[in-house]
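Colleague: I am new to this structure. Could you show me how to read its features, one by one?

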Amino acid sequence: MIIDFHAHVDRDIVSKQYLIEDVIRDMDENGIDIRMISTLKGKSIRDQNDAMAAFAGRYPGRLLACAVINPKEDGCVEEAARVAAIPQVRALEFNSWEYGFLPEEYEYHLDPIFDIAAEHQLPVKLFAGWGPRTMPQQWEKYIKRHPDVTFVVLHIGGVDFGYGSIPFIKSYGNVLCETSGQTELQVLHEAFRMLPREKFLFGSNFPDHITKCSIDTFELLHFDGEMRRSMFCENARKLLKL
């Protein structure tokens, strides 16, 4: 079984329709059993989150929804509380690159949002890897304040922060990492050398990356069966209580 912890749903700029059929087709072609979806495109964040929850409801057992939260918005705490009550929403996502924020400036919003995540046992995805506002360490004080929340560093720190993310991820019991978009083999070798297998969640970052390439990357690392089962399935199954 393969659980894809991180993928997006694209949206046609003319028709304004989400390309959900492309998501399912890609899953079928690449042996993805379950995929967590979010989107950064739409009329509003509320509309985006509702669309992902609706798709997860349309494809039960195959899709899980991840709600995006922008802490710059006045109603972000209320939006977090709203989506946390939707059964199809299984995680929250923060993208400081897309929305251009510094986490340190939004404690008034972020701390109550993480309390909501803890109450509903929702893991929190943290975008990392491109630009100075995407360093995983910028979230450190929240990680310390909210030990009951599982934070997931996307892309193993990405291109910019791959090496520096590895000891950071190792330092905290409530921090995991997701694998998509990490194209530096040296970083991957170091990550899998330093981090226990329980820290890894497979992600494709579809459609921005090719799912087959995201899977085949790990053929080059010659993992044993236990490592593959942990990263591709069991860690996500345990985290999401599937």
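**Reading the model**

Modeller: Phe 192 has 15% relative accessibility, so Phe 192 counts as buried. The cut-off for buried is under 20%. Keep in mind that this is a predicted model.

Colleague: Is Phe 223 buried or exposed?

Modeller: Phe 223 counts as buried, because its relative accessibility is 18%.

Colleague: How do I describe two aromatic rings together?

Modeller: A pair of aromatic rings is described by the distance of the centres and the angle of the planes. Take Phe 192 and Phe 223. Their centres are 4.5 Å apart, with 55° between the planes, and the pair is tilted. Phe 192 belongs to helix 8 (residues 185–194), while Phe 223 sits in the loop between helix 9 (211–216) and helix 10 (225–240), so the pair ties together parts 31 residues apart in sequence.

Colleague: How many aromatic pairs does a search of the whole structure find?

Modeller: The search finds 18 aromatic pairs. One of them joins Phe 101 and Trp 139: the ring centres are 6.1 Å apart and the planes stand at 85°, so this pair is edge-to-face. The pair links distant parts of the chain, 38 residues apart. Phe 101 is in the loop between helix 4 (96–99) and helix 5. Trp 139 is in the loop between strand 5 (124–126) and helix 6 (140–145). Both residues are buried.

Colleague: Which residues form one aromatic cluster?

Modeller: Phe 94, Phe 101, Tyr 106, Phe 114, Trp 139, Tyr 142 and Phe 151 do.

Colleague: Now the sheet. What holds strands together?

Modeller: Strands of a sheet pair through backbone hydrogen bonds, either parallel or antiparallel. Here an open sheet has eight strands in the order 1-2-3-4-5-6-7-8, with parallel pairing. Strand 1 (3–8) and strand 8 (200–201) are at the edges with a single partner strand each, so one side of each has no neighbour in the sheet.

Colleague: How many bridges join strand 6 and strand 7?

Modeller: Three bridges join strand 6 (residues 151–153) to strand 7 (residues 175–178), in the parallel sense. Val 152 is in strand 6, and its bridge partner in strand 7 is Leu 176.

Colleague: What surrounds Val 152?

Modeller: Leave out residues up to four places away in sequence. Val 152 then touches Phe 5, Val 124, Lys 125, Leu 126, Leu 176, Cys 177, Glu 178, Leu 201 and Leu 239. Val 152 is buried, with a relative accessible area of 0%.

Colleague: Where does helix 2 lie?

Modeller: Helix 2 (residues 45–58) lies across strand 2 (34–38), strand 3 (63–68) and strand 4 (89–94). Its direction is at about 170° to strand 3.

Colleague: How do I read two helices side by side?

Modeller: Look at the axis distance and the crossing angle. Helix 3 (residues 76–84) and helix 5 (residues 107–120) have axes that come within 9 Å and cross at roughly 10°. That makes helix 3 roughly parallel to helix 5. Helix 3 contributes Cys 76, Val 77, Ala 80, Ala 81 and Ala 84 to the contact. Helix 5 contributes His 109, Pro 112, Ile 113, Ile 116 and His 120. The residues of this contact are eight nonpolar, two polar and no charged.

Colleague: What does Ala 118 contact?

Modeller: Ala 118 is in helix 5. Leaving aside neighbours within four places in sequence, Ala 118 is in contact with Asp 148 and Val 149. Ala 118 is partly exposed, with a relative accessible area of 27%.

Conventions: Residues are numbered from 1 along each chain as its sequence is written. This is a predicted model: local features need pLDDT of at least 70, side-chain atom pairs count only at pLDDT 80 or more; totals for chains, interfaces and linings use all residues. Side-chain values use heavy atoms; hydrogens and water are left out. Two strands pair if DSSP finds at least two bridges between them. Helices (H or I, at least four residues) and strands (E, at least two) are DSSP runs, numbered from the N terminus. Contact means heavy atoms within 4.5 Å. Axes are lines fitted to C-alpha atoms, for helices over the stretch in contact, and angles run from 0 to 180 degrees between N-to-C directions. Angles under 35 degrees count as roughly parallel, over 145 as roughly antiparallel, 65 to 115 as roughly perpendicular and the rest as oblique. Ala, Val, Leu, Ile, Met, Phe, Trp, Tyr, Cys and Pro count as nonpolar, Asp, Glu, Lys and Arg as charged, and the others, Gly among them, as polar. Rings of Phe, Tyr and Trp (its six-membered ring) pair if their centres lie within 6.5 Å; planes under 30 degrees apart count as stacked, over 60 as edge-to-face and the rest as tilted. Buried means under 20% relative accessible area, exposed over 50%, partly exposed in between (1.4 Å probe, protein chains only).
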